Structures are given as structure tokens and as C-alpha cells.
Amino acid sequence: MKAVAVWLYQIYAWLIFLPLVIVLTLIFSTLTIVFATLGHQKFAGATFPPTWARLLAWLTPIRVTVEGGEHAHRGESYVVAVNHQSQYDILVVYGWLKLDLKWVIKKELRKMPAIGLGCEKAGHIFVDRRDPKQASRAIRQALARLGDGIGVLFFPEGTRSGDGRLLRFKKGAFHLAIDQGLPVLPVTLVGTRDILPARSLKPFPGSVRMLIHPPISPEGKDIETLLQETRQVITSAMPPELR
């Protein structure tokens, strides 16, 4: 019976869900481009991406439980550090972390049709990962342009974990936190890997927990200390078998 249910769900996923993903992504990218071009960038960034993310989550479907929402305050800026297990991490963070999120994205993605321009118009930050000085300059300029109340989103592992365990953290997020005096907001996602594992194109319904931890001040800390403290906090909320 379970095998039949899985087979039927995959028919739904390929014939209905994935075409809707493409259509909705194009629609919401276009809306973001239009409203941002008309001078409503903040409205566009705060409205269309979260709506897109929640719609796709609902269509999957997944149920998201949020813990610690009181630790993320609108109007305050953070470096948001999230563990990375699945493409669904993007939907969950975008849809349920109530901040004006800006990704730090490799510049190659700017070339993607509709999505690249939509990300640019929404205020996301394109960087050349091979040029740390350019990346740092681009982020500083974006923060000055966007003002307060921004969550600069990083997946410090840099890529999705294959087995769910945390990979080694890269230092970029923590450089930024210390350089700009921004608190790090650690976020732990649990369950996204069961929805869509890394290197898989077969989604499944399920439940996800997002745990938002208290911000960590960079004051008086060096990069390695801040990195390890953030890593420890994120790991503390993961299932015991993944720690």
C-alpha cells in the first residue's frame, strides 16, 4: 500500500507540482521585477518571495513548525546562519522567518532567466566567490543601500549536506558579522532532508521544524570563536544521530 502511495505521489509531483513550480516561479519573479522597477523594492521583496515559498510548501505539501520566532525582530539587521540539507531550506526560511531576507548569491546565478533579474530587483547580493574583496565590497554597499531591518542569509556550509550532518563552516558570514557589527542569528532546520534529499529530484510530503535561536553578538569575538559558537548552537537543536 505504501509503495502505491509513493508511486501515486510521484505522478502528482511530476505532472502537477513541478509544472506549477515553474509557472509560479516565473509569475512571482515577474511581479517582483515590476514592483521593484516601479520603486517598491522593499514591498516586493517582503511580499512576493514569502508568498511564493508558502505556496510551493502548501502544494508539496509540508507542515512547518516554528520555534523561537521571538528571537528575530523586524527592524533589526542580522547575519542569518542556517544549516543546509535540502533545496526546501530556501522555501522554509523564506516563507516562515519573518525578516526582510537578502541572499548572498554567486554571481553566475544572475544569468538565470527571470529568477536572476528577480533576485537582483529584490535586493539580493551577487558576489564573486573567487574574489573575497569584491564580495565584501558588494555586501557593504548593499547594506548601506538597503538600510536597517535586513537579514543577510548565509548557508555557512556552502552546499547541502548529503547525510544531514553539518559540514565544515566557511568564514564569510562571520567575517561580515564582525566587520559590520551585526549579530549572528543561528537557525536550525530539521526535516527538510526527508522532503527532498540533496541531489534528488523526488520530493515527498512531510513535516519540518525551524528553530530560531537567540542572536549571538560578535562583540569581543574573533572569527573562529564566533563560527564555532554559531555551529554549536545550530548543532544543539539537531537530532542526536546527526550531531
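The legends below describe close-up views of a predicted model. Local features require pLDDT of at least 70 and side-chain atom pairs count only at pLDDT 80 or more, while totals for chains, interfaces and linings use all residues. Residues are numbered from 1 along each chain as its sequence is written, and side-chain values use heavy atoms, with hydrogens and water left out.

**View 1. A nonpolar surface patch that includes Ile 11 of helix H1.**
Val 4, Trp 7, Leu 8, Ile 11, Trp 14, Leu 15, Ile 16, Leu 20 and Leu 201 form this patch, with about 920 Å² of accessible area together. Patches are made of residues with over 30% relative accessible area and no salt bridge, nonpolar side chains (Val, Leu, Ile, Met, Phe, Trp, Tyr) being joined within 5 Å and like charges within 9 Å. Accessible areas come from the Shrake-Rupley method with a 1.4 Å probe, and for residues only the protein chains shown count as cover. Ile 11 is found in helix H1, which covers residues 2-37; helices (H or I, at least four residues) and strands (E, at least two) are DSSP runs, numbered from the N terminus. Ile 11 has 34% relative accessibility and therefore counts as partly exposed, where buried means under 20% relative accessible area, exposed means over 50%, and partly exposed lies in between (1.4 Å probe, protein chains only). Gln 10 also lies in helix H1, but it counts as buried because its relative accessibility is 13%. Residues up to four places away in sequence aside, Gln 10 touches Lys 202, Pro 203 and Phe 204, contact being defined as heavy atoms within 4.5 Å.

Side chains of opposite charge can pair when their charged atoms come close. A salt bridge is here a side-chain nitrogen of Lys or Arg within 4 Å of a carboxyl oxygen of Asp or Glu, and by this rule the count comes to four. Asp 100 counts as buried because its relative accessibility is 9%, whereas Lys 42, at 49%, counts as partly exposed. The side chain of Asp 100 also meets that of Lys 102 in a salt bridge of 3.2 Å, N to O, and Lys 102 is buried at 2% relative accessibility. Salt bridges that share partners join Lys 42, Asp 100 and Lys 102 into one network.

**View 2. The buried side of helix H8.**
Helix H8 (residues 223-236) has 14 residues and reaches 20 Å from its first C-alpha to its last, close to the 20 Å expected at 1.5 Å a residue, the expected span being 1.5 Å times one less than the number of residues. Ile 223, Leu 226, Leu 227, Thr 230, Ile 234 and Thr 235 are buried in H8. They cover an arc of only 160 degrees around the axis, which puts them on the same side of H8; the arc is that of the directions from the helix axis to the C-beta atoms. The buried residues of H8 pack against strand S2 (78-82), helix H6 (172-180) and strand S6 (184-190). In the segment after H8 lies Ala 237, which is buried with a relative accessible area of 15%. Leaving aside neighbours within four places in sequence, Ala 237 is in contact with Thr 188, Val 190, Leu 211 and His 213.

**View 3. Backbone geometry at Pro 61 and Arg 199.**
The peptide bond from Thr 60 to Pro 61 is cis, with omega near -10 degrees, and Pro 61 is placed in the loop between H2 and strand S1 (62-67). Arg 199, although not a glycine, has a positive phi of about 60 degrees. Arg 199 belongs to the loop between helix H7 (192-195) and strand S7 (206-212) and is exposed, with a relative accessible area of 68%.
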